[in-house]
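Hi everyone, thanks for coming. Let's walk through some side-chain contacts together, with the sequence and the structure up on the screen.

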Amino acid sequence: MASGLKSSTLELLKRFNRAFPQFYEQFVSSEIQLQNLRLAYRLYKTRRAVIELKPEGSKSALHFAYRNQSFLLSDIFGVLAAYGLTIHGLSLYGQIRSPMLVFIKLLVSRGSKALTEKTADNVCRAIREALGGRFEVEEMLAVEFNLDAGLEQVQTEFYVDPVFHLPALVIEADNQPGLFYKVMYAIWQEDLLVVNANLLVWRGRTRLILYLLGPNESLIPEYLGHKIAEGVRQRLLGK
């Protein structure tokens with residue numbers, strides 16, 4: 001827990017952290033915990049999603065905070081794909097109790113460079129429009145990609161993580177255009193809620209570990225998890 005804070009801030013942070021999975025306080029830095037608390041306060045004050053894109057070295061960092069819903073990641077990654085952005089890093093922390101907020105940071109680039117201010121503004125506006133149902137992600141993507149084409153070399157695996165005590169879905173596939181959008185679209189179609197994520201891109205392969213809640217924000221029993229993993233794989237293969 002962060003030191004040097006007022007006792008009132010520490011107490012507020014402790015209460016805020018109780019809505020996250022058990023591992024959150026142990027494995028997430030105090031700096032990120034405080035950042036998420038500040039984002040939650042902005043959400044409370046403005047009642048609208050926090051969407052920001054700022055330069056971070058040679059890349060741009062997208063910060064996003066809102067009430068977690070199964071379609072969110074499909075919309076966000078769809079917009080990023082539509083603008084031809086490369087994803088380099090992903091961190092995601094979602095609450096598993098009310099108010100079920102989610103906090104996302106994505107490192108992205110375009111042409112191996114940070115986004116221009118104009119492009120960043122356009123991406124943020126498109127994400128907000130997509131969340132409001134005023135920007136048809138699929139229509140824009142259909143111009144760039146064959147959305148019916150399946151991914152290649154897809155592997156999926158389900159397990160219950162013994163440390164995080166959450167259901168986890170591992171998805172591994174060859175790097176290819178629209179990969180992240182298609183993965184997140186498949187997750188949405190299964191009505192799953194992502195509450196934590198790890199990303200590894202290595203030697204032309206992408207490996208995602210998604211920690212999940214099932215429909216109606218429920219835990220997923222193991223027998224159902226294996227069916228979901230196979231269902232996601234079939235969707236990604238285009239079958």
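Lys 54 is partly exposed, at 48% relative accessibility; here buried means under 20% relative accessible area, exposed over 50%, and partly exposed in between, with a 1.4 Å probe and protein chains only. Its side chain meets that of Glu 52 in a salt bridge, 3.9 Å from N to O. By salt bridge I mean a side-chain nitrogen of Lys or Arg within 4 Å of a carboxyl oxygen of Asp or Glu.

A word on the source: this is a predicted model, where local features need pLDDT of at least 70 and side-chain atom pairs count only at pLDDT 80 or more, while totals for chains, interfaces and linings use all residues. Residues are numbered from 1 along each chain as its sequence is written, and side-chain values use heavy atoms, leaving out hydrogens and water.

Another of them joins Arg 134 and Glu 129, at 3.2 Å from N to O. Arg 134 is exposed, at 54%, and Glu 129 is partly exposed, at 27%.

Next, please look at Glu 172 and Arg 207, a salt bridge whose closest N and O atoms are 3.5 Å apart. This pair links distant parts of the chain, 35 residues apart: Glu 172 sits in strand 6 (residues 167–174) and Arg 207 in strand 8 (residues 205–213). Helices (H or I, at least four residues) and strands (E, at least two) are DSSP runs, numbered from the N terminus. Through shared partners, salt bridges join Glu 172, Asp 174, Arg 205 and Arg 207 into one network.

Now for the rings. The whole structure has 13 aromatic pairs, meaning rings of Phe, Tyr and Trp (its six-membered ring) with centres within 6.5 Å; planes under 30 degrees apart are stacked, over 60 edge-to-face, and the rest tilted. Phe 16 and Phe 103 are edge-to-face, 5.9 Å centre to centre with 75 degrees between the planes. Phe 16 is in helix 1 and Phe 103 in strand 4 (residues 101–109), so this pair ties together parts 87 residues apart in sequence.

Compare Tyr 41 and Tyr 44, a tilted pair at 6.5 Å and 35 degrees. Tyr 41 is exposed at 51%, and Tyr 44 is exposed at 53%.
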